[in-house]
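Hi,

Here's the structure I promised to pass on.

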Amino acid sequence: QTLGGQRCWQSVFSTAVLYGSLALFTSILHNVFLLYYVETFVSIYKIDKISFWVGETVFLIWNSLNDPLFGWLSDRSFLSSPQAGSQITSPEVVLKRLRALATNGPLFALSFLAFWVAWARPGLQFLLCLCLYDGFLTMVDLHHSALMADLAVSATDRTRLNFHCSVFSALGSISVFLSYSFWDKEDFYSFRLFCVTLATFSVLGFFVVSRMLQRRFQKEVRPKYDEALTLKELSVGHAPLTHPEKPVTIQQYLKQLSKHRNFMWFVSMNLIQVFHCHFNNNFFPLFLEHLLSDNISASTGSILLGISYIAPHLNNLYFLTLCQRYGVYQVIRWLFMLKLGLSVVMLLAGADHIYLLCIFIASNRVFTEGTCKLLKLVISDLVDEDFVINRRQQAASALLFGMVALLTKPGQTFAPLIGTWLLCVYTGYDIFEREPVKDSLASVPHVPLGSGTPPLRLGCFYMLVFVPITCALLQLATWSRFTLHGRKLQGVKTLRQGAQHGHLIDVKAI
């Protein structure tokens with residue numbers, strides 16, 4: 001029995017709260033990274049175009065391969081053990097994930113610092129920093145995301161975990177507001193100190209929270225599983241298995257995954273989503289500068305930037321309530337339709353409606369990022385379906401999250417490459433040129449310049465509206481083929497809960 005004081009402390013720091021807080025220590029760093037790393041290397045370190053493209057290309061390969069690689073290294077014992085079901089139970093899986101977070105979380109925070117001090121030639125530093133940072137970020141993301149599938153199966157419990165992640169991710173977005181006060185390309189010292197402070201907070205947070213979760217799980221949950229396992233052994237005994245499981249090789253796993261139709265349709269949709277999210281991140285400052293800077297103050301731009309990072313997490317709290325009522329599939333479909341509708345309205349309105357443009361730039365990012373926040377719930381459902389259709393002894397959640405990343409992470413690299421290429425082709429503006437090309441398309445007859453409208457501004461506007469229109473149409477087409485929702489999803493969850501009865505955690509209980 002626990003004391004009253006312990007109950008009070010646990011009510012404040014529940015398992016769901018601690019799990020969600022891990023998102024805070026990632027988001028305070030990753031938001032700053034996404035917003036400033038390209039500008040830092042282009043404007044401050046003066047990286048050349050060839051080095052930038054080479055670095056992004058190598059990063060594309062590493063960024064795609066490290067997720068399934070780390071996922072396989074993490075979960076191969078669950079697939080390759082001949083008696084995985086009897087030797088490895090959920091407590092061991094959860095503790096393994098928590099130990100990985102306690103180690104890789106602080107290393108991720110330290111790798112973040114490598115961007116903000118020039119310690120090698122720009123091209124070499126760009127390549128090494130990207131690969132090092134993404135390697136540790138992958139380890140943190142994989143184990144944190146996989147924990148959601150390992151801690152709970154029911155949609156209610158998973159939604160609760162995702163809810164707390166959204167709350168803490170919103171708190172982490174405050175770093176974007178603060179960063180604007182420290183960012184100065186002429187004097188980089190204050191920004192470096194700001195980044196050191198963020199990294200220190202993240203290191204301590206990862207270490208302390210993951211240790212707290214480990215101790216809580218070992219003290220409060222592990223004895224219950226040990227008791228259940230003992231009772232199971234007493235009733236079943238050690239009789240030989242009539243149908244011993246054969247080890248699953250990586251080739252067999254990939255073959256199984258290739259036949260998983262819902263997985264293939266999901267990654268097709270998610271590839272476009274990853275591209276659109278990172279396109280918004282990479283070109284948000286450019287859109288502010290060339291579409292709004294002459295019409296809004298710097299403080300308004302700062303507020304717009306901060307809101308666009310915090311609002312998706314707060315908005316996601318409402319989306320999660322809709323998910324509980326209508327299902328994740330339907331909510332994501334509505335978000336695609338909303339993205340398409342808003343983009344068409346903005347296209348018809350034109351680039352001269354400044355306040356409408358402000359609302360659209362912010363809302364475009366808010367709803368796109370909001371969709372991304374819901375996708376972990378869908379991947380967790382795919383983990384359940386993979387477990388059921390392949391009759392696995394233990395769900396390989398980290399590996400499936402890694403395989404999703406393998407097929408969708410290329411969108412992260414395609415976004416800046418395709419975006420800068422489109423901008424250069426359409427307007428003649430090259431961000432790598434120290435002196436931007438002026439009025440380069442003034443003589444092109446098909447560009448409706450209007451009265452004194454600069455081609456660069458018009459090019460940015462068309463990029464702003466046509467990219468989400470294209471993405472939304474493609475996503476609606478692929479998402480309509482996804483069938484893991486409604487009665488089918490409920491049947492899959494029922495089968496998994498029956499197969500792993502007693503091996504899953506009641507999130508609300510601890």
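**Two helices side by side**

Helices α15 and α16 come out as roughly parallel to each other, a label for angles under 35 degrees. Their angle is about 25°, and the axes lie 6 Å apart; axes here are lines fitted to C-alpha atoms over the stretch in contact, with angles running from 0 to 180 degrees between N-to-C directions. α15 covers residues 397–408 and α16 covers residues 410–427. On the α15 side, A405, L406, L407 and T408 make the contact, and P410, G411 and Q412 do so from α16 (contact means heavy atoms within 4.5 Å). By class, that gives 4 nonpolar, 3 polar and no charged residues.

Before you read on: this is a predicted model, where local features need pLDDT of at least 70 and side-chain atom pairs pLDDT 80 or more, while totals for chains, interfaces and linings use all residues. Residues are numbered from 1 along each chain as its sequence is written, and side-chain values use heavy atoms, leaving out hydrogens and water.

**The chain overall**

There are 18 helices and 0 strands, counted as DSSP runs (H or I, at least four residues, for helices; E, at least two, for strands) numbered from the N terminus. Of the 510 residues, 55% are buried, meaning under 20% relative accessible area with a 1.4 Å probe, protein chains only. Among contacts with a separation of 6 or more, 85% join residues 24 or more positions apart.

H30 has a relative accessible area of 17%, so it is buried. Leaving aside residues up to four places away in sequence, H30 touches Y133 and L137.

Cheers

Key:
Buried means under 20% relative accessible area, exposed over 50%, partly exposed in between (1.4 Å probe, protein chains only). Angles under 35 degrees count as roughly parallel, over 145 as roughly antiparallel, 65 to 115 as roughly perpendicular and the rest as oblique. Ala, Val, Leu, Ile, Met, Phe, Trp, Tyr, Cys and Pro count as nonpolar, Asp, Glu, Lys and Arg as charged, and the others, Gly among them, as polar.
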